[in-house]
Amino acid sequence: MLNLLNITLKHGDLTLLEGLNIQLQPGCFTTVIGENGCGKSTLLRCIAGLHGQFSGSVTFNKRTLGDWQTKSLAKVRAFVNQHNQVQFAFLTEEVLQLGRMNQTETLAQRTALICQVAEQLSIGHLFGRDVRTLSGGERQRVFIAKALVQLLPNANAETHGSNAIDASSHGDANGEKPFDGKLLLLDEPTSALDFRFQKALMDVVKSLCQQGLSVMCVSHDINLVLPYASEVILLANGRCLAQGSAADVITAQNLQQCFGVIPKLIPQPDGVPYITH
Amino acid sequence: MNASVKSPALTLQFALHARRKKHMRSFTIALVLGLVLLLLGLQSGSFEQSSQVLFDVLINKFNQQALSQDQYLQWYVFSELRAPRMFMAMFVGALLAMSGCAMQGLVRNPLADPGLIGISGGAAAAAATALALINHYPQLEIGGQYLIALSAFIGALIAVWIVLIVARTRAGMAISSLILAGVAVNALAGTHIGAISYMANDDALRQITYWTMGSLGGVTWSKVMFVGALSVPIVALYMHLRQPLNLFALGENEAQCMGLEVNKYKRLVLWLVAFSVALATALCGIIGFVGLVVPHIARTLFSADHKYLMPACGVLGAILMLGADTASRALFPPLEIPIGIVTSAVGAPFFLYLLAKQKKGGAIA
């Protein structure tokens, strides 16, 4: 559903990304790993359409990124930034409502969707609070919730209705899944989250992947994301060092080449090693 | 929909309805306050009219009965002097406040003012040039006051145009460059006004000073009709900008990812602000602080959500200007204080208060 062909991005003499070829399948959870400044966030921004000056092509759902209208793209692609700042006294539910601005639906339908996502990410108790007064982790959860609300199918247009986010509903009778053809880009989504919510978020995202959502997640918390990842991309200096399943990519040699330190890999029953110093 | 998620959804729905109802109530109170101010404004000034006498005059006029000489004077003061300037005050107040709201939303800074991008500076420089030239060469005076207004309008738009050209980058318009370019253009305009004032004779100097202090004196129905007709599409566009400004509050990248054509809307907001402030400044001179202060008051009384904030700014801006105009006439009759002085006298201390509040670490609403 997402094809990146020979993506190269230069800023003056600096090469940020070079010759990246990446393919994302529907429902896959792809995690991008690499050292600081290797181009992970830049890659996400290119895919999100925030960097216009790269060479190569990004094809999303069989259409070149440039051919997408900003509004229609927003219905199928959401991006969660690492840092989220709101300047004015917006309330949590007002921020979440903005996620539905491209959809035509009744207030009842809208509030039902918002409350579902809020329940999944445990932010219902933050309704009525000024977003600026929330803690970093709470705000991060609110913005992740906004991105999910943005991608939820419209209750009028699609049959999946309001229970689309429930882990139990994995598609309808035609085999079509509610999040087919939709892409969620996460830039360090767990950086401010506590122990409990790190895992809770990964579980929610994984359940959405089972409903067709494709996810590309940049993270430094390798041990947290690896068990969930169906594909791992290892970036070094803007180039793809290795790409494939976690078991194939996460080797001592690759990690040493990427981070410049020799890691210890502790084998785990699921085949994905635990990485430590 | 399963039962477990229905209850919080309904609670949220009720909360949203209750908030809407509360805001509608505040709107009604504001409108009543505006009406009271309108009545008060019609009575006050160097020529005092009681509302009872004015009401009798209006009844007579409506029934097409002949007016006594006294009543004729009352009617003249009402219809030709006070009513047009009060309507003008409302239009200008609403335009300035809504442009302030749009500007603050766009640059994501509650301390932003529409004058930030050089509009007032450009208008004042052009008006000062025109006033000084006319004073030296009276044969150039074609169209009288309208010539000054036109020069101010063109000056304002040229200033904004320069700012936009400088701030343009390959990736679109950078807000930080925009603000810096605005500061530079304002400084340049200040220097220009200084030079003109230095060279101008006493008469021209007095006119320039008076113009830069803002005034609603000499407003005619034709000017009111002109501004009124232009205000309709301007206000409609501001209302259209409510949701885009909400998205801008989350940041440009966020807004783009949520489906907003950021560069297109940035240009639209800037030109709309430029046009509306240029219009108000051209006809009434520089009226400071309305665009800065009213959005703050509206955020405190209503909400940061531009769905409510934008119309609230329109209503409160109109009310503030009505109050300022009434005060400018009623404080020291028969003297009339320039309205720019009244708005600055209220606005500047409020601005200082906001800065002090921010320094203490408290977030500004």
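Author: Helices (H or I, at least four residues) and strands (E, at least two) are DSSP runs, numbered from the N terminus. The model is predicted: local features need pLDDT of at least 70 and side-chain atom pairs pLDDT 80 or more, while totals for chains, interfaces and linings use all residues. Residues are numbered from 1 along each chain as its sequence is written, with chains lettered from A and ligands numbered from 1 in the order in which they are written.

Reader: In which strand is A:Thr59 found?

Author: A:Thr59 belongs to strand 4 of chain A, residues 55-60.

Reader: Why does A:Thr59 count as partly exposed?

Author: A residue is buried if 20 or more other C-beta atoms, placed from the backbone, lie within 10 Å of its own, exposed if 12 or fewer, and partly exposed in between. A:Thr59 has 15 C-beta neighbours inside 10 Å and therefore counts as partly exposed.

Reader: Why does B:Ala156 count as buried?

Author: B:Ala156 has 31 C-beta neighbours inside 10 Å, so the residue counts as buried. Its place is in helix 5 of chain B, residues 145-167.

Reader: With which residues is B:Ala156 in contact, leaving aside its neighbours within four places in sequence?

Author: Contact requires C-beta atoms, placed from the backbone, to lie within 7 Å. By that criterion, B:Ala156 is in contact with residues including B:Ile119, B:Gly122 and B:Thr281.

Reader: How many residues of chain A are in contact with chain B?

Author: On chain A, 35 residues are in contact with 30 residues of chain B. Helix 4 of chain A gives the most to that side, with eight residues.

Notes. Two residues are in contact if their C-beta atoms, placed from the backbone, lie within 7 Å.
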